[in-house]
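This explanation leads from the outline of a protein chain to a few of its individual residues. Please keep the sequence and the structure in view while reading.

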Amino acid sequence: MASAPVRTNNLEAFWMPFTANRQFKQAPRMFVSADRMHYTTSDGRQVLDGTAGLWCCNAGHNRPKIVEAIRQQAGELDYAPAFQMGHPKAFELASRLTQITPEGFDHVFFTNSGSESVDTALKIAIAYQRAKGQGSRFRLIGRERGYHGVNFGGISVGGIVTNRKMFGTLLTGVDHMRHTHDLDRNAYTVGEPEHGAELADDLLRIATLHDPSTIAAVIVEPVAGSTGVLVPPKGYLKKLREICDQHGILLIFDEVITGYGRLGTPFAADYFGVTPDIMVTAKGLTNGVIPMGAVFVKKDIYDAFMTGPEHLIEFFHGYTYSGNPIASAAALGTLDTYQEEGLLTRAAELAPYWADALHSLKGLPHVIDLRSIGLIGAIELEPIAGLPTKRAFSAFLKAYDAGLLIRTTGDIIALSPPLIIEKSQIDFIFDTLKDILTSLD
Ligand code: PMP
């Protein structure tokens, strides 16, 4: 369905996020509709969604249960104040969610995005330690190459130079462990790399430097997505868990991309068999359709906040749209869709086919690594000297022209299709990429 051509002079007002605005506005790429696995562009072309939007549309697009849930809720209760008032959908959603979380996660705090979920989790961690009489535990530990959204807490614990360097001193009392990416030892791995569990000892090094009694929490993405799909080495997360247990440090998993089925399990915590104390989610919670995030905490954490005088608010934090009725309805429609269509099992079953298809790119020009886990894949390209990101971005443009949406981060192509993808569509993704990589400068 072709729509009116985009007029360039209409494009100036919108300051686009994480976008080269001037370049984009010279040659805009616009989607005007979407259905299941495909977007339709403003010039009427079909583009296969190889990235589930931004790692969020796990059930694909235009899914009837979600659309209908939103429509109904908008006509019934559009908004209710989030503070000192409630509405049934938020409570229903919270209960539904705590049925799919790992054991012990019986409470959930609602936000509107991954970034807000991260900052909420960091605040919960510090406030919890204080509530337990451990006010000296205020330090936070993140990791190099971590992405935890764009709010001040998130960029402080995050480890991406470009996202940090413009914004002053950030939070104080933050340290970073080393990242786990190691092409020398772990190139071309399917699933978890063999080498690098010992990198978890970096947590101990930092904790010892400051004294463990000053550390509130450590936050990691179980699988780092935005910095190019970094899968944890075998045993790494377990080791982090052990160090946290020994030293009273809370372990936070940022599951914004791994939550809700991406690895074929509800959460990465299930996949790796390591249970954190706090789990940060968003994206797939509502299939990306309405902004919403959710932070899950273990019972012990919730209970620590419930011990003061009953008439007092326990946690001075919240958003106007926390547990918004329409977002809650969208999330319930999303969970129904995942469950009725068995999408998590489907992702687990498709993962080996996906991995084989991805790894068939080995040996193509410029490819220096391939990594995969669940329905996530990464193709790392050799950077052009002096022109980092150029090669991958040019692959992105060529893929878009060929009818395929991919995502690039630095010199890495990241892939994360909706879990409804068919095998023939997986073939299309990798056949298209083969052609592109073969013809790339
Ligand atoms: N954490 C992780 C691990 C993410 O991948 C992202 C988004 N890509 C965020 C946090 C931030 O989420 P949002 O963009 O919804 O704020």
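Predicted model: local features only at pLDDT ≥ 70, side-chain atom pairs only at ≥ 80, totals over all residues.

Helices and strands are DSSP runs numbered from the N terminus, a helix having at least four residues and a strand at least two.

The chain as a whole may be considered next. It contains 16 helices and 16 strands. Its C-alpha atoms occupy a box of roughly 65 × 55 × 45 Å along the principal axes. A compact globule of 441 residues would have a radius of gyration near 22 Å, and the chain agrees with this because its own value is 22 Å. Of the 441 residues, 46% count as buried. Among contacts between residues at least 6 apart in sequence, 72% join residues at least 24 apart.

How is the chain divided into domains? Domain 1 comprises 8–59 + 342–439, while domain 2 comprises 66–340. In the contact between them, domain 1 takes part with 31 residues and domain 2 with 28 residues. On the side of domain 1 that touches domain 2, two or more residues come from each of α2 (52–55), α14 (343–359), β12 (367–373), β13 (376–381) and β16 (412–415). The largest share of this side, 7 residues, belongs to α14. The residues of this side of domain 1 include 19 nonpolar, 8 polar and 4 charged ones. The C-alpha centres of the two domains are 26 Å apart.

The interior of the protein follows. In soluble globular proteins, nonpolar side chains tend to be buried together. Here the largest nonpolar core has 119 residues, of which Ala125, Val218, Ile252, Ile278 and Val295 touch the most other members. Both domain 1 and domain 2 give at least three residues to this core. Apart from neighbours within four places in sequence, alanine 125 is in contact with Ala216, Ala217, Leu250, Ile252 and Ile278.

Is leucine 405 buried or exposed? Leucine 405 counts as buried because 21 other C-beta atoms lie within 10 Å, and the cut-off for this class is 20 or more. When residues up to four places away in sequence are left out, leucine 405 touches Tyr39, Val47, Leu48, Asp49, Gly50, Thr51 and Tyr400. By contrast, a separation of 30 Å lies between the C-alpha atoms of leucine 405 and serine 156, which are 249 residues apart along the chain.

Finally, the backbone deserves attention. Most residues other than glycine have a negative phi. Arginine 36, however, has a positive phi near 50°. This arginine 36 lies in the loop between β1 (31–35) and β2 (38–41), and it counts as partly exposed because it has 16 C-beta neighbours inside 10 Å. Valine 229 likewise is not a glycine and has a positive phi, of about 65°. The loop that holds valine 229 runs between β8 (215–220) and α10 (236–247). With 26 C-beta neighbours inside 10 Å, valine 229 is therefore classed as buried.

Conventions:
Residues numbered from 1 in each chain as written. Core = buried A, V, L, I, M, F, W, Y, C linked by C-beta atoms within 7 Å. Buried ≥ 20, exposed ≤ 12 C-beta atoms within 10 Å, placed from the backbone. Domains from an automatic or database assignment. Contact = placed C-beta atoms within 7 Å. Nonpolar A, V, L, I, M, F, W, Y, C, P; charged D, E, K, R; others polar. Rg over C-alpha atoms; globule rule 2.2 N^0.38 Å.
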